[in-house]
Amino acid sequence: MMTTALAVLGVLALLFGAILGYAAIRFRVESDPLIEQIDDILPQTQCGQCGYPGCRPYAEAIANGDDINKCPPGGEATVRKLADLMGVEPKPLHEEAQNAVKKVAFIREDECIGCTKCIQACPVDAIVGATRQMHTVIVDECTGCDLCVEPCPVDCIDMIPLIETAERWKWDLQAIPVRMVEAD
Amino acid sequence: MQSLLEQVAAGLLWRFPGGVHPPTRKAELSKKPIASLPLPDKLYIPLRQHIGVAGHCLVHKGDHVMKGQPLTLADNSMSVPVHAPTSGLILAVTEHTSPHPSALPEPCIVLEPDGLDEWREREPMHYPRCSTEQLLERIQQSGIAGMGGAGFPTHLKSAVQQHVELLIINGVECEPYISADDALMQEQADTIVQGIEILCHILEPKAVLIAIEDDKPAAISAMQNACDGRQPWYVRPVPTKYPSGGEKQLIQLLTGREVPAGRRPIDIGMMMFNVGTSFAVAQAVLHDIPLLSRIVTVAGDTLQHPQNVLAPIGTPVSDLLHFCGFQPERPQRVIMGGPMMGFTLPDLSVPIIKTTNCILAPTQQELPAAGEEMDCIRCTACAEACPASLLPQQLLWFSKAKDTEKLDEYNLFDCIECGACAYVCPSEIPLVQYYRVAKAEIREQQREALKAEQAKARFEARQARLEAEKLERQRRNEQLAAERAAKQSASAPDAVAAALARVKSQQQQTPGDLEAIKAERERKKQQARERQAEKTEAPADSVSATDPRQAAITAALARAKAKKQAAATSDSERVQSQQTEPGQTATESVETAAANEASDPRKAAIAAALARAKAKKQAAASASDNGQTEQEQAKPAHTGAAQAAAEPAQTAAASEASDPRKAAIAAAIARAKAKKQTEARPAPEKAGPEEAKSDQTDPASAPDEHIAPTEQPSDPRKAAIAAAVARAKARKRKETELK
């Protein structure tokens with residue numbers, strides 16, 4: 001009786017083990033989808049402010065256990081999403097990234113000498129120009145990553161805040177009266 | 001089971017959930033005739049008054065325009081032009097406070113009417129003979145955008161492929177005070193009906209429903225008379241309830257069908273236009289009158305004569321209010337739009353645009369400012385009032401928590417922002433404001449997400465391109481290497497054969513031959529020695545007396561020597577330091593160069609340049625404290641070179657010096673160096689700029705007998721390059737210092 005029970009259980013264990021083993025091979029997930037998910041959350045500015053050469057390398061680093069608060073362009077929202085995804089506590093961003101304003105690069109065109117250095121630096125090909133011709137930034141494509149500012153030999157690139165338009169305007173809650181509470 | 005059309009024909013009405021019954025306050029207004037506003041002093045016409053993109057501005061400051069002349073060019077389907085409401089002068093194209101709750105400045109054309117009201121040429125159309133495309137083109141070019149409030153371009157809305165079952169004309173003005181459409185229907189019913197006929201011609205609907213609230217009996221009878229028994233047209237009075245004038249609510253009210261979330265009425269075979277829009281269509285097609293003016297309800301207890309006013313587009317609100325006897329309180333609120341959905345204006349210079357239906361200037365008693373917001377007591381009054389069957393409380397909490405996922409789950413984007421929830425809220429929570437903020441936030445996030453996606457795609461495309469370029473380069477290099485190897489291997493056997501042959505011939509040579517060769521060599525050496533001796537012995541004067549060239553050289557030599565001595569002494573006197581030495585050596589080198597190769601002016605020039613460069617280098621190396629010495633060093637070099645290269649050489653030297661590019665580069669380098677030096681040791685006096693200036697002028701002016709230098713600074717491009725190079729150097733230097 002005892003032996004029969006053991007045998008049956010043993011056979012069952014072997015059977016399930018075989019099924020699980022087969023399933024593991026048959027339904028194996030090809031790549032690590034976690035990296036893809038993290039990469040989707042990151043803002044894709046490719047600015048390298050995290051210390052990695054682009055958003056995907058940083059995504060890989062996060063998947064391997066790096067900090068989630070190294071992305072200033074993404075801001076608080078990105079950190080929160082990453083925390084949700086990774087199941088860790090959201091950490092505050094570095095101080096300077098706290099209240100970052102959206103900016104885009106602007107080339108002072110009469111000072112541009114046409115050296116193409118900024119074109120080479122732009123990760124998203126948002127600068128047009130040719131050798132010895134003045135360059136200009138495609139505002140709609142600029143991610144505001146700052147990478148073009150450093151290589152410019154004549155310092156003719158400014159990062160200017162994006163102008164607020166009526167479409168981009170976020171309603172302010174002026175309807176709510178602000179009242180001073182007496183401290184007691 | 002009756003079909004929908006049969007049910008509609010039978011006069012059946014449905015109901016939509018929620019809704020509120022605020023006091024309408026329209027009775028007095030709707031009885032008055034429409035007043036015509038005298039032309040204002042200035043009209044502010046925003047370039048964009050509809051949903052979509054602005055057209056390109058066609059006019060400039062100082063242009064004279066005729067009434068009805070297009071001011072912008074609608075060059076794509078998402079834009080409609082704006083027109084001059086009257087003839088006059090364009091004062092400016094500038095930024096002006098926009099009629100938008102944000103009050104951000106937007107581009108505006110400022111028009112000063114000349115009072116003549118001169119029309120441009122007009123081309124009325126006979127619409128039954130026109131194609132749909134022609135009519136849509138006319139509607140677009142007349143600048144017609146939905147007059148109900150949203151401002152969606154009418155030509156886009158009408159250009160549908162789907163079949164239109166029911167054309168609904170919206171005469172339901174459900175917001176309190178507003179009676180502009182009511183007044184229009186009373187006075188212009190015939191034109192509205194003509195407009196509906198044109199729309200029918202375009203859309204070919206099976207039936208037309210004209211919906212008017214039952215508190216507007218005059219409008220109902222006027223429209224019924226104007227329709228004059230047309231079939232199947234129905235004028236349908238609907239019960240007065242807010243917000244029955246909303247597109248989706250009115251469709252539900254009239255047909256019992258709901259427009260699915262995120263879809264348009266055309267998806268269920270309906271099309272809706274405002275009465276104002278159909279009036280504008282009739283005007284545009286039949287009389288070629290673009291959208292130049294609109295009826296605005298000007299109401300509120302601070303006005304002596306509240307009434308409906310026909311105002312040109314671009315009229316400042318202040319003109320309208322004063323026309324109606326405005327007696328402002330302090331503080332006075334002026335609202336654009338109705339009391340439910342409107343917004344407070346920041347100032348009264350804001351213009352009337354195509355979608356402005358009401359200006360409200362209420363007293364404090366009439367429309368008190370929003371009270372203090374209190375906590376939600378979960379009374380569910382808002383949920384009962386919501387015409388879209390949403391859960392306003394849930395949405396409020398999720399809005400406060402910025403939980404976009406939950407907001408989406410609770411269908412925030414189905415909210416029509418009617419304000420019914422805020423109206424009924426006993427805690428005076430401005431619910432709609434919260435929803436608007438949340439919506440703007442979500443839209444921004446969506447925009448960001450889209451942008452991130454694009455950036456990613458561009459980044460990946462770039463990476464791919466760089467990779468491909470790298471591979472291509474690699475391949476080319478390999479190919480070249482292979483070619484080279486092939487060439488070598490091909491020529492190798494020949495070389496070997498040649499070497500073998502040489503060895504063989506050497507072996508064949510007899511010892512006698514070798515000796516003969518040796519003797520020959522000796523003889524040649526002897527000859528050379530003799531020639532040398534002859535050359536040195538020959539007195540220069542006697543040989544070159546007849547040769548003016550040679551004479552010039554010697555003269556130059558003498559002059560240079562004299563000069564050198566003078567320079568050396570003066571330098572040592574003035575500077576009294578080792579800094580003179582580089583100068584001296586430079587002059588010396590120049591001299592020797594000049595003496596050796598004076599016959600070749602080109603070489604002399606090069607030598608001079610080299611010497612100059614050397615002098616500069618030395619000066620830099622010895623860290624001379626100012627640019628002054630540098631100039632001094634450069635000066636003798638220049639003059640030396642110039643003088644050494646005598647008359648024939650002079651022009652060449654000039655050409656060398658006149659190469660403005662090189663000179664400019666040299667100047668830039670000099671400037672950069674000077675800057676570097678001044679930066680390296682902060683001079684107590686403001687020597688930096690002065691030096692830089694003198695540097696800039698000096699290398700140019702040094703060989704002053706030539707024309708070249710004058711060309712130099714006149715080339716602005718090169719000067720700019722030089723300046724840029726100098727700036728770059730200075731910057732680099734600064735950076736290294738900072739580090």
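How many residues of chain B are in contact with how many residues of chain A? In this predicted model, 36 residues of chain B are in contact with 43 residues of chain A, contact meaning heavy atoms within 4.5 Å. Residues are numbered from 1 along each chain as its sequence is written, and chains are lettered from A in the order in which they are written. Because the model is predicted, local features need pLDDT of at least 70 and side-chain atom pairs count only at pLDDT 80 or more, whereas totals for chains, interfaces and linings use all residues; side-chain values use heavy atoms, with hydrogens and water left out.

The area buried between chain B and chain A amounts to about 3,500 Å², and carbon and sulfur atoms give 53% of this area; buried area is here the accessible area (1.4 Å probe) that two parts lose on being put together, summed over both. On the side of chain B, the residues losing the most area to chain A are Arg458(B), Arg462(B) and Arg731(B), which together account for 18% of what that side buries. Between the two chains, six salt bridges are counted, a salt bridge being a side-chain nitrogen of Lys or Arg within 4 Å of a carboxyl oxygen of Asp or Glu. Arg458(B) forms a salt bridge with Glu141(A), in which the closest N and O atoms are 3.6 Å apart.

In chain A, an unreviewed UniProt entry places the feature "binding site" at Cys112(A), Cys115(A), Cys118(A) and Cys152(A). These residues span 41 residues in sequence, yet no two of their C-alpha atoms are more than 10.4 Å apart, so they gather at one spot. UniProt positions are given in the numbering used here, with feature names shortened, and annotations may be inferred rather than shown by experiment. Cys115(A) is located in the loop between β1 (103-107) and α5 (117-121) of chain A, where helices (H or I, at least four residues) and strands (E, at least two) are DSSP runs numbered from the N terminus. Cys115(A) is partly exposed, with a relative accessible area of 26%; buried denotes under 20% relative accessible area, exposed over 50%, and partly exposed the range in between (1.4 Å probe, protein chains only). Not counting residues up to four places away in sequence, Cys115(A) touches His135(A) and Pro153(A). Cys152(A), in the loop between β3 (136-137) and β4 (157-161) of chain A, is buried, with a relative accessible area of 6%. When neighbours within four places in sequence are left aside, Cys152(A) is in contact with Ile157(A) and with Arg731(B), the latter being one of the chain B residues that lose the most area to chain A.

In chain B, the feature "binding site" is placed by UniProt (unreviewed entry) at Cys386(B), Cys415(B), Cys418(B) and Cys421(B). Although spread over 36 residues of sequence, these positions cluster in space, with a largest C-alpha distance of 10.6 Å. Cys415(B) lies in the loop between α12 (404-409) and α13 (420-424) of chain B, and Cys418(B) lies in the loop between α12 and α13 as well. Cys415(B) is buried at a relative accessible area of 14%, and Cys418(B) is buried at 6%. Apart from neighbours within four places in sequence, Cys415(B) is in contact with Leu390(B), Tyr435(B) and Lys439(B), while the corresponding contacts of Cys418(B) are with Tyr242(B), Pro243(B), Met340(B), Met341(B) and Pro387(B).
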